[in-house]
Each structure stands twice: as C-alpha cells, then as structure tokens.
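I wanted a few local features of this model on record. My notes follow the structure.

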Amino acid sequence: MHKFFGYILTPIYYLGFWFWLGIFHPTQWLAYNIGGYKAHKFVVDVMNFFLVYNCYLLGNRVTFTNHQNLPTNRPIIFLSNHQSMYDIPPIIWFLRKHHAKFISKIELTKGIPSISYNLRKGGGANIDRKDNKQSIMEIVKLANRMKENNWSAAIFPEGTRAKDGKVKNFHVGGVATILKKCPGALLVPLAIDNSWKMVQYGFFPMSAFEHITLQVLEPIEPGTTPYEDLVLQAENSIKKALGQA
C-alpha cells in the first residue's frame with residue numbers, strides 16, 4: 001500500500017515541494033537584504049512550515065513531542081540521529097525559537113533553490129569534508145555565533161544517514177569543537193523515527209502513509225564530563241527512545 005499509493009502521490013508531493021522552494025528563494029533574498037537576519041529567519045521558518053506539511057500530500061504525518069522545559073537564554077546543541085533529508089524541515093520549524101543552525105556540506109550551498117541560499121546566509125557552518133582545517137574553522141565560527149547570540153546547533157553525529165533507521169555510532173568531533181568554544185551550551189538528544197521510510201524505495205516513488213516522529217529527550221548538562229561520554233550518553237538515550245537499546 002505504501003509503495004502503490006506512493007506512485008500516485010509522489011508527483012503531487014514534488015510539485016508542492018519545488019513550488020515552495022521556488023516561491024521562497026526570492027522571498028528570502030528580499031527579506032535578508034531589506035530586513036537582515038531577523039526577517040530572513042522568519043521567512044525560512046515559514047518556508048519550513050510549508051515543507052513539513054507538504055508531507056501530508058503523501059498521506060504522511062509528522063508528530064513532534066517535547067516535554068522538556070528548554071531554555072531560550074543559552075545555546076543548545078541538539079544531537080539527533082539522521083534518517084533522511086526530511087529530518088531537517090521539522091527541526092527548523094518545531095525548534096524555531098532556538099535558532100538551530102546546521103553543519104552542512106559546502107556542496108549544498110550552490111544549485112538548490114531556497115536551500116542553498118539559506119545555507120549561505122542563515123548562520124550555519126558549511127564545511128569542505130576534504131579540507132579538515134576549513135571544516136574546523138567553520139565549526140569554530142558557528143560556536144562563536146552560538147555564544148554571542150544564544151543560538152543553537154542541530155548536529156547529526158552519525159555523520160551519514162541511517163537508511164534503515166538503525167542508529168549508527170555517534171562521532172564526537174563536531175560536538176567537542178563547539179563545546180570548547182561554547183562551554184555553556186546544553187546538550188539535548190533528539191530522536192527521529194520513520195523519516196527513512198519516506199525514501200525507502202528511493203526518491204520515486206516516495207512512501208505514502210508514514211508517520212514521522214521527533215521526540216526531544218532529557219537534556220544533558222556537560223559539566224566536566226568528557227566529551228566522548230556526553231556524546232555516548234546522548235546516543236544511548238536516542239537508541240532507548242527508539243527501542244534500539
């Protein structure tokens with residue numbers, strides 16, 4: 001059923017997806033050049049609202065659960081498992097008050113309407129995976145912006161998407177770099193489930209009638225705990241929430 005209806009609904013989904021990207025590309029440009037960061041962020045948030053609910057054209061639904069009282073007056077590092085590109089719009093929309101920034105491949109900063117522009121202007125870190133020095137410098141710049149503005153970062157410590165939904169081992173590098181420059185940041189695990197199912201057949205057809213969930217888990221105070229232990233704690237928390245412990 002998921003695949004059958006996917007053949008029917010995927011063209012409708014993509015029509016909506018590219019429509020929103022096309023509409024919000026010039027809108028972002030205007031907002032950024034006229035109103036600066038605040039106006040640009042508002043437009044990006046609205047765009048991602050539409051991208052999240054565009055999933056409903058596939059009969060899919062998205063549930064976000066947050067029972068944590070997260071602060072808005074300090075930086076947060078959201079550590080999340082990563083299942084597909086469709087993890088990103090819900091993070092941006094549902095965590096919008098925390099100004100979550102991403103660490104992205106520099107290749108994505110060109111050629112994709114709206115998305116590339118946001119990566120260039122939104123305040124995240126765009127890294128060249130072939131240039132370790134550049135990558136570290138970009139993450140350090142992100143950490144400094146987090147510290148100065150009380151922004152947050154959304155990090156996928158697996159380093160790559162888990163195409164079957166199974167959580168991979170978390171890497172400590174990016175988290176450690178940020179914490180060294182922004183030691184006051186709070187660590188917050190974020191468990192994502194079933195977004196991988198949207199693309200389990202590839203990009204065509206997409207899978208229909210899936211239920212994607214995002215759950216904010218109990219925060220972790222870094223204190224003096226070794227970075228490796230902090231990241232492992234977040235990894236285990238996510239695995240437990242997803243029934244993979």
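**Strand pairing, a helix and a loop residue**

I began with strand 1 (residues 61–66), which pairs with strand 7 in the parallel sense over six bridges. Pairing requires that DSSP finds at least two bridges between two strands; strands (E, at least two residues) and helices (H or I, at least four) are DSSP runs, numbered from the N terminus. I looked up V62 and found I212 as its bridge partner in strand 7.

The model is predicted: local features need pLDDT of at least 70, side-chain atom pairs count only at pLDDT 80 or more, and totals for chains, interfaces and linings use all residues. Residues are numbered from 1 along each chain as its sequence is written, and side-chain values use heavy atoms, without hydrogens and water.

On its other listed pairing, strand 7 runs antiparallel to strand 6, with four bridges. There I192 stands opposite L214. I then checked the faces of strand 7 (residues 211–216): I212, L214 and V216 are covered, while H211, T213 and Q215 are uncovered. In a regular strand the side chains alternate between the two faces of the sheet.

Next I took helix 6 (residues 227–241), where L230, V231, A234, E235, I238 and K239 are buried. Buried means under 20% relative accessible area (1.4 Å probe, protein chains only). Their cover includes strand 2 (76–80), helix 5 (173–181) and strand 6 (186–193). Just after helix 6, G243 has a positive phi of about 70 degrees.

Last, I looked at T109, in the loop between strand 3 (100–105) and helix 3 (115–121). T109 counts as buried because its relative accessibility is 8%. Its side chain reaches the backbone oxygen of I106 at 2.6 Å.

Key. Expected span 1.5 Å × (residues − 1). Buried < 20%, exposed > 50% of the residue type's maximum accessible area, 1.4 Å probe, protein only. Contact = heavy atoms within 4.5 Å. Polar contact = N/O pair within 3.5 Å; in protein donor to acceptor, adjacent residues only side chain to side chain.
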